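Look at the sequence and the fold together as you read.

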Amino acid sequence: MDKNRFIPSMFHRRLLLLLCCMVAIVMLLGAQLVRLTIVERDKWLGEAESRLSQSDYLPTYRGRILDRNNNILAWDRPSYNVAVQYNVITGQWPGRKAERQARKELGREAWNEMNSEQRFEAAEARQPEWEAHLERLWYMIMSLGELDEDELVDRKDDIVRRVERIAADHQAKRLLASQKLGYEETKYEPVREQKRAHVILENVTDEVAFRFRRLAVEVPGIVEVSSTIRREYPWSDNRADLHRGSLPEPIRSDTTQRLRLIGVADHLVGAVRDNVWAEDVKRRPFRLDNDKVDLGGYRENDVVGSRGLERSYEDHLRGHRGMVRKNLETGLKTITEAIPGGDLRTTLDIRLQTRVQAILSPEFGLTRIQQYQLGWDTEGRPKPGKLPLGM
């Protein structure tokens with residue numbers, strides 16, 4: 001067979017070879033397209049959507065613990081935390097703000113023409129204004145937070161020590177990794193803790209939070225006020241009035257005694273802790289193996305029941321977070337509402353419990369040995385918590 005009959009010239013043979021190469025490339029691309037869009041569609045679609053979406057999580061509330069008459073024994077009360085930027089805590093903030101102010105007022109061109117000494121003098125002239133703002137902040141924290149100067153210094157030092165330890169560990173890991181890969185790591189990379197605000201005052205009142213928010217508006221970047229939730233036990237610190245007219249005659253009187261009672265029903269209600277343990281995450285992780293999330297799972301700084309009913313009914317009392325997922329390409333938001341934890345109603349009568357605890361308290365006298373019972377030398381000794389005969 002004469003091949004020149006079908007491919008008459010070298011030009012046509014080269015053109016055919018080029019066409020075959022193009023067909024082969026198209027077929028390879030088509031096979032890859034089929035693999036990505038059909039065979040492995042779910043895998044790559046999920047990854048693409050995760051890169052195009054941003055998720056923010058909404059807080060939830062633990063359920064209330066109630067007595068038989070619907071008196072609240074435990075509940076989540078909205079509160080506020082006051083946090084200060086790390087460079088404010090370390091004292092670097094006034095100098096940086098003064099330098100930015102000088103650069104802005106003088107203009108970029110004039111600033112670039114100045115030498116380092118001139119720039120330092122320009123910033124130093126403006127620094128007292130920012131130092132005054134800083135002094136005002138520390139004064140407000142001490143006065144509104146009821147701290148003395150030593151307590152404030154201790155809190156700042158604790159934050160600095162913790163952050164510097166984290167930064168040192170991070171830098172050591174970077175240096176070790178660079179040595180293993182065969183290059184020298186010379187650049188210092190700040191850690192996240194050095195760029196964010198740290199809590200100085202916790203669970204402040206609405207009035208205190210408002211004053212700090214006003215300062216944050218007046219002096220941007222110096223302080224942050226964030227909403228938080230505080231677990232409260234309204235009956236844990238209570239008072240009861242008992243009339244002494246029905247007591248045994250030697251200790252009887254026509255008066256009413258007010259008693260302060262700490263920890264009423266505390267052994268039953270229990271308490272929570274604000275740190276998550278490894279066993280909590282193992283039992284119910286927030287992020288699952290398939291890269292999805294359990295909105296009721298545990299994350300850092302979650303509140304967990306540690307004892308009593310708070311621990312025994314943890315799964316019932318614990319709520320599910322909400323989630324706001326925003327598509328970065330379209331701007332569309334998908335909102336999953338938070339689900340508060342369920343309430344827990346007990347058979348306890350907290351008012352009766354308070355009165356019984358008051359009657360059995362040593363201050364009332366029934367649970368202390370009196371002179372008339374066993375003699376003068378035994379007065380004041382505690383005795384078993386039971387009411388005397390005839391009461």
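How many bridges join strand β10 to β11? Strand β10 (residues 322–327) is joined to β11 by 4 bridges, and these strands run antiparallel. The model is a predicted one, in which local features need pLDDT of at least 70 and side-chain atom pairs count only at pLDDT 80 or more, while totals for chains, interfaces and linings use all residues. Residues are numbered from 1 along each chain as its sequence is written, and side-chain values use heavy atoms, with hydrogens and water left out.

Two terms are needed for the strands. Strands (E, at least two residues) and helices (H or I, at least four residues) are DSSP runs, numbered from the N terminus. Two strands pair if DSSP finds at least two bridges between them.

Now turn to β3. It pairs in the antiparallel sense with strand β2 (residues 65–66) over 2 bridges. Here the bridge partner of leucine 66 is isoleucine 72 in β3. The hairpin of β2 and β3 has 5 residues between the strands, and asparagine 70 takes a positive phi near 70 degrees in this hairpin.

β3 also pairs with β5, in the antiparallel sense, over 10 bridges. Aspartate 76 stands opposite arginine 231 in β5. With β4, β3 pairs in the antiparallel sense over 5 bridges, and the bridge partner of valine 82 is leucine 201 in β4. Is β3 mostly covered or mostly open? It is mostly covered, since 10 of its 14 residues are buried, where buried means under 20% relative accessible area, exposed over 50% and partly exposed in between (1.4 Å probe, protein chains only).

The next topic is empty space. Rolling a probe the size of a water molecule over the atoms shows where such space is left. A pocket is found on a 1 Å grid over the protein atoms alone, as an open set of points where a 1.4 Å probe fits, with protein on both sides within 12 Å along at least five of seven lines; lining residues have an atom within 4 Å of a point. The largest pocket has a volume of about 2,200 Å³. Its lining holds 46 residues, and Asn81, Thr228, Glu300, Asn301 and Asp302 lie nearest its centre. β5 gives the largest share of this lining, 8 residues.

Last come the cysteines. A disulfide is a pair of cysteine sulfur atoms within 2.5 Å, and the count comes to 0 disulfides.

Terms used:
Points joined across faces, edges and corners; volume = space filled by probe spheres on them.
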